[in-house]
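Please read these points with the coordinates open. They cover ring packing, charges over rings and the nonpolar cores.

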Amino acid sequence: MDLQLKGKTVLVTGSNRGTGRVIAETMAREGARTVVHGFDLTAAEAVAAGIVKAGGEAHGVAGDITTDEGAAAAFHAAVKSVGPIDILINNYGTADAGSWSRSETPDWIEAYEKNVLSAMRLSRLAMPAMKERGWGRIVMLGTIGSTEPAARMPHYYAAKGALATMTISLAKELARTGITVNIVSPGLIRTKEVEDRFIAQGREKGWGTTWDEVEPHVLKTFMNNLTGKVTTTEEVADVVAFVASPRAGGMTALNIRVDSGTTALVV
């Protein structure tokens with residue numbers, strides 16, 4: 001399927017590493033002019049250079065988007081690189097460890113700054129030009145924890161829950177403008193960090209020393225889902241790319257779970 005992304009411009013926040021990097025690479029592979037964002041310019045430019053080497057068009061920008069000034073700097077650098085932003089993917093966020101007993105007020109505020117206000121800042125910056133052109137896509141990266149939050153990391157899940165409600169509010173604000181707003185919510189994602197962590201546990205528990213050996217035990221011990229596999233970063237990126245494309249014009253105000261059937265809820 002041609003996602004019709006050729007010629008579109010996209011900014012992916014927090015795309016200097018992890019799932020954000022794969023999303024940026026996927027968007028570029030589909031033909032979009034892609035801006036890779038990181039807090040460190042060297043890291044962002046390194047990812048952009050890799051995309052260019054693979055035949056895509058990409059540029060690196062930096063800015064601390066947990067502040068108004070840093071968000072503005074990153075956004076305006078992106079516009080300078082590729083022109084008006086057609087697609088904004090608010091991927092940046094962090095799942096910092098914590099608990100009800102250990103996470104203090106500053107931890108809750110920091111979680112909100114990172115996971116909600118960073119997306120709010122970039123969305124407000126991108127909206128005016130999208131409205132002028134009568135087309136745009138804003139995609140948030142959430143978590144299935146906004147549907148089924150755990151007791152652990154309450155500050156993180158509270159923030160991601162706020163991001164989900166903010167998504168619906170923004171979709172209503174932008175009704176009939178040609179701009180859609182959705183949130184893609186993964187469950188556990190098979191990142192390198194996740195693989196390394198569980199393979200290390202697998203060695204200790206005698207499960208094996210490779211991901212193929214350890215994965216069945218991860219599913220049995222730590223989670224359950226319907227597919228019998230942990231969702232990959234590429235699978236998440238493919239969903240994001242579709243939702244961000246002109247082909248998904250009938251989708252807005254949705255919380256789309258990509259969790260291999262972990263939640264399996266009618267919501």
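1. Contact here means heavy atoms within 4.5 Å. The model is predicted. With residues up to four places away in sequence left out, I138 touches L88, N90, S123, M127, M130, L170, L174, I179, T180, V181 and N182.

2. I138 belongs to the largest nonpolar core, which has 32 residues. L11, I138 and M140 have the most contacts inside this core. Several elements supply at least two residues each: helix 3 (68–82), helix 4 (105–133), strand 5 (136–141), helix 5 (154–173) and strand 6 (179–186).

3. As background, nonpolar side chains in soluble globular proteins tend to be buried together.

4. Now the rings. There are five aromatic pairs. One of them joins W207 and F222 edge-to-face, with 6.4 Å between centres and 75° between planes. The pair links distant parts of the chain, 15 residues apart. W207 is in the loop between helix 6 (192–205) and helix 7 (211–222), while F222 is in helix 7.

5. Are the two partners buried or exposed? W207 counts as buried because its relative accessible area is 16%, under the 20% cut-off. F222 is partly exposed, at 43%.

6. R197 lies over the face of F198, 4.6 Å from the ring centre.

7. A further charge to inspect is that of K8. Its charged end sits over the ring of W135, at 3.9 Å from the centre.

Terms used
Residues numbered from 1 in each chain as written. Predicted model: local features only at pLDDT ≥ 70, side-chain atom pairs only at ≥ 80, totals over all residues. Heavy atoms only, no water. Phe/Tyr/Trp six-rings, centres within 6.5 Å; stacked < 30°, edge-to-face > 60°. Helix = DSSP H or I, 4+ residues; strand = E, 2+ residues; numbered from the N terminus. Buried < 20%, exposed > 50% of the residue type's maximum accessible area, 1.4 Å probe, protein only. Lys NZ or Arg CZ within 6 Å of the ring centre and 35° of its normal. Core = buried A, V, L, I, M, F, W, Y, C linked by side-chain atoms within 4.5 Å.
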